[in-house]
Amino acid sequence: MLPVACVGCGAPDRALCRACRCALDALPGRTRLVAGVRLDAAHEYDGLVRTLVLEWKLRGRVDIVSGLTRRTADLVRAALAAAPVGALVLRVPPSSRGHRRRGFDPVVTVLRRAGVRRARALRRVPVPQAGPGSDSGPAPDAGLGPARAGTDGRGQKERTAVERVAATVGSLVADGVADHDVVLVDDVVTTGVTMAEAVRAVRAAGGRVVRCVAVATVEV
Ligand SMILES: [Zn+2]
């Protein structure tokens, strides 16, 4: 066995010590609006929470995120309790790159804990590429315009806000949600572009998004 130290404070013997667990439990959740829908996040994506989420997503450290999954599962249950009877839960799928690297989806862990047995994921589809010669940036108002930057190898953080939206619109499809109320669940919401695309996809398919839930979100 390798020696273990708390990922929060470095104290020996525990992967996440009692003091850090108590500190986490005392942190308030976060609520914001995404595409006009209330998003409830169990935590702000900062400090110890950010460290834990990265250890979870990048290294598969499920041993240290029990508190995060419990609080997020509680939010999923609360969202379903507040929603009309028969509401569906839909997962925002991980990026294909992230999923290949990790081999698991943290949102599935959360939903299992919430007792949601059947939660389909939205489907990722290729965003239609613009024609040749379109490698210049999009005009500020070109919401569906030329710079579909999905395959140029740059990460989301290196794109401008307009490029991020242009590269994301049309990238998700929601199946079987017509006339249904839907709760959307993702792990981390930063810019909100992906969650907003999930909301758009549900609406485009004739569904109603009644709540979004995430493990963590940045302060906006
Ligand atoms: Zn600690």
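Start by selecting the zinc ion: Cys6 (SG), Cys9 (SG), Cys17 (SG) and Cys20 (SG) coordinate the metal at 2.2 to 2.3 Å. Donors here are N, O and S atoms within 2.8 Å of the metal (3.2 Å for Na, K and Ca), and water is not among the atoms, so sites may look incomplete. Before you go on, note that this is a predicted model, where local features need pLDDT of at least 70 and side-chain atom pairs count only at pLDDT 80 or more, while totals for chains, interfaces and linings use all residues. Residues are numbered from 1 along each chain as its sequence is written, and side-chain values use heavy atoms, with hydrogens and water left out.

**Stay at the zinc ion**

Turn the view around the metal: its 4 donor atoms make angles of 106 to 115 degrees, and the site is tetrahedral (four donors count as tetrahedral if all angles lie between 85 and 135 degrees). Along the sequence, the donor residues follow the spacing C-x2-C-x7-C-x2-C. Cysteine 17 is buried at 11% relative accessibility, whereas cysteine 9 is partly exposed at 47%. Buried means under 20% relative accessible area, exposed over 50%, and partly exposed in between (1.4 Å probe, protein chains only).

**Next, show the sheet**

Switch to a cartoon. Helices (H or I, at least four residues) and strands (E, at least two) are DSSP runs numbered from the N terminus. Six strands form an open sheet with mixed pairing, in the order E1-E2-E8-E7-E3-E4. Its edge strands are E1 and E4 (120-121), each pairing on one side only. Two strands pair if DSSP finds at least two bridges between them.

Then move to E7. Are its residues buried or exposed? The strand is mostly covered, with 9 of its 9 residues buried. On one side, E7 runs parallel to E3 through 4 bridges, and leucine 90 is partnered with leucine 184 in E7. E7 is also parallel to E8, joined by 8 bridges; look for valine 182 opposite valine 209 in E8.

Select helix H7 (residues 193-204), which lies across E1, E2, E3, E7 and E8 and runs at about 160 degrees to E7. Angles run from 0 to 180 degrees between N-to-C directions, with axes fitted as lines to C-alpha atoms, for helices over the stretch in contact; contact means heavy atoms within 4.5 Å.

**Finish with the charged side chains**

Show Lys, Arg, Asp and Glu side chains to look for salt bridges (a side-chain nitrogen of Lys or Arg within 4 Å of a carboxyl oxygen of Asp or Glu). The count comes to 14.

- Glutamate 44 and arginine 30 form one, at 2.9 Å from N to O. This pair links distant parts of the chain, 14 residues apart: glutamate 44 in E2 (residues 37-44) and arginine 30 in E1 (residues 30-34). Glutamate 44 is partly exposed at 23%.
- Arginine 77 and aspartate 74 meet at 2.6 Å, N to O. Both sit in helix H3 (residues 66-82), 3 residues apart, about one turn of the helix. Arginine 77 is partly exposed at 37%.
- Aspartate 63 and arginine 61 have their closest N and O atoms 3.1 Å apart.

Methods. Four donors count as tetrahedral if all angles lie between 85 and 135 degrees; four count as square planar and six as octahedral if opposite donors are over 155 degrees apart and all others between 65 and 115; anything else is irregular.
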